[in-house]
Amino acid sequence: MSATILWGKLYAEKLKSEARAKIIELSEKTGIAPGLAVIIVGGNPASQVYVRNKHKTCEEMGINSQIVALAENTGRQELIDNIEKLNNDKGIHGILLQLPLPKGLQKYENEFLYKISPVKDVDGFHPINAGRLSIGEKCMVPCTPLGCIKMMELADIPIEGKKAVIIGRSNIVGKPMANLLLARNATVTVCHSHTADLAKIAAEADILVAAVGRPNFVTADMVKSGAVVIDVGINRIAPKKITGDVDFDNVKEKAGFITPVPGGVGLLTIAMLMHNTVEAAKMQLLP
Ligand SMILES: NC(=O)C1=CN([C@@H]2O[C@H](COP(=O)(O)OP(=O)(O)OC[C@H]3O[C@@H](n4cnc5c(N)ncnc54)[C@H](OP(=O)(O)O)[C@@H]3O)[C@@H](O)[C@H]2O)C=CC1
Ligand SMILES: Nc1nc(=O)c2c([nH]1)NC[C@@H]1CN(c3ccc(C(=O)N[C@@H](CCC(=O)O)C(=O)O)cc3)C=[N+]21
C-alpha cells in the first residue's frame, strides 16, 4: 500500500493562521506588530530565495520584516555591530542570521550566532536556547525540527513509545530533533557518518527522520513497512530542481507516511519562524 503523503502546505497554513490570530491579539493589547530582522551576507542565490520567501510570508502575516543585506566582503566586526544594533532595536523582536555565511566569515559563525540576544533568537541556535531545550525548559526551538513535530502532531501521528531514528546530528536539525522526540517519550537513536550498520538501524524505526544532505540516501530497504518518514533534506540537483534525502518514489510504496520535497517540511520551517517571532514578541512585550 502506498504511504499517506504529508503535504506541508496544509499544515503550514494551519500553523500560520494560529500565529496570525496571536498577532491580532498582541496588537489589540499593545498596539505593536512583531518585527523580524533577517541578516543576509553576500549573494548566495539559494539564501536570497529563502530570505525573499520569509519576507513575503511576514508581509502576509502582519509581521514587520526588515532585511539587512550586507556585502560579501563584510568584516567580522561590521557583522557584530549589525547584530548588536538589532539587539537594541525595540521594534525588532526576532533576529535570524541566514546561513551559510560567505567563506571568510564561516570560522566566526558561532561567535555571531551567540551574539544574538537569546530572547530574539528565533532560530533557537543560541546555547541558552539549545541548553534549555535539552533540559526540557521553555525556549526558542529551531524552526525545522519544531515544524516536523507540529506536522506529526497535527496529523495525529503518535510519538510516545515509538522508536525514532534520526540520520544527521547537526545543531540545527538532528540534535534538536532528538531532544524534541525524547521530550515526547520516543526512544531515540541518532545516526551520523560514523554509524555502523546504519541501514539496519534505520529499518527498525517507527519514525525515520532524514537530515543528511544527500539525494536518495534513504532507500526502501532502509525503511520499515508502515514507518513515518520525514525528509528534511534540501538538495539542489539542477538550477531550479530540489530533492530531499529520501528515494521518494520507492519509499512511498513501503512507508505509512512520507513528506515530499519540495512541498514538505520546508514550508513548516517558515511557518515556525513566524510562530517563533510571535512568541518572541509576546515575551518581550507582555508582562
Ligand atoms: N527543510 C528545511 O527547512 C531545512 C533543510 N535543511 C537540509 O537538511 C539537510 C541537513 O542539514 P544540516 O543538518 O544543516 O546538515 P549538516 O551538513 O550540518 O549535517 C549533516 C549530517 O548528516 C550526517 N551525514 C553526512 N553524510 C552521512 C553519511 N554518509 N552517513 C551518515 N550520516 C551522514 C553528518 O554526519 P557527521 O556529523 O558525522 O558529519 C551530519 O551529522 C541538508 O540537506 C539541508 O539543506 C536544513 C535546514 C532546514
Ligand atoms: N539561520 C538560518 N535559519 C534557517 O532556518 C535556515 C538557514 N539559516 N539557512 C538555510 C536553511 C534552509 N531553510 C529552508 C527554509 C525554507 C524552505 C522551503 O520553503 N522549502 C520549500 C521550497 C523550496 C524551493 O522550492 O526552493 C519546500 O521545501 O517546498 C527550505 C529550507 C532554512 N534554513
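Reader: What puts a residue near a molecule or strand here?
Author: Its C-beta atom, placed from the backbone, must lie within 6 Å. This is a predicted model: local features need pLDDT of at least 70, side-chain atom pairs count only at pLDDT 80 or more, and totals for chains, interfaces and linings use all residues. Residues are numbered from 1 along each chain as its sequence is written, while chains are lettered from A and ligands numbered from 1 in the order in which they are written.

Reader: OK, ligand 2. Which residues come nearest?
Author: L99, P262, G263, G266 and T269, out of 19 around ligand 2.

Reader: Which element gives the most to that shell?
Author: α10, with 4 residues. α2 (45-61), β4 (94-97) and α10 (265-285) each supply at least two. Helices (H or I, at least four residues) and strands (E, at least two) are DSSP runs, numbered from the N terminus.

Reader: How do the shell residues around ligand 2 divide?
Author: 12 nonpolar, 6 polar and 1 charged. Ala, Val, Leu, Ile, Met, Phe, Trp, Tyr, Cys and Pro count as nonpolar, Asp, Glu, Lys and Arg as charged, the others, Gly among them, as polar.

Reader: Where does ligand 2 lie relative to the domains?
Author: Between domain 1 (31-120) and domain 2 (143-266), because both give residues to its shell. The bounds come from an automatic or database domain assignment.

Reader: And ligand 1, how many residues surround it?
Author: 25, with G168, S170, S193, G213 and T269 closest. Its shell has 10 nonpolar, 13 polar and 2 charged residues. α10 gives the most here too, with 3 residues.

Reader: α10 again. At what angle does it cross α6?
Author: Roughly 105°, and the axes of α6 (residues 143-154) and α10 come within 8 Å. Axes are lines fitted to C-alpha atoms, for helices over the stretch in contact; angles run from 0 to 180 degrees between N-to-C directions. α6 and α10 are therefore roughly perpendicular, a label for 65 to 115 degrees.

Reader: Which residues meet there?
Author: From α6, among them C143, L146 and M151; from α10, including V265, L268 and M272. Contact means C-beta atoms, placed from the backbone, within 7 Å. The contact has 9 nonpolar, 4 polar and 1 charged residues.

Reader: Switching to the sheet. What's the strand order?
Author: β1-β11-β8-β7-β5-β6, an open sheet of 6 strands with parallel pairing. Strands pair if DSSP finds at least two bridges between them. The edges are β1 (4-5) and β6 (187-191).

Reader: What packs on it?
Author: Helix α7 (residues 174-183), touching β5 (163-167), β6 and β7 (207-210). Its direction makes about 170° with that of β6.

Methods
Parallel < 35°, antiparallel > 145°, perpendicular 65-115°, else oblique. Contact = placed C-beta atoms within 7 Å.
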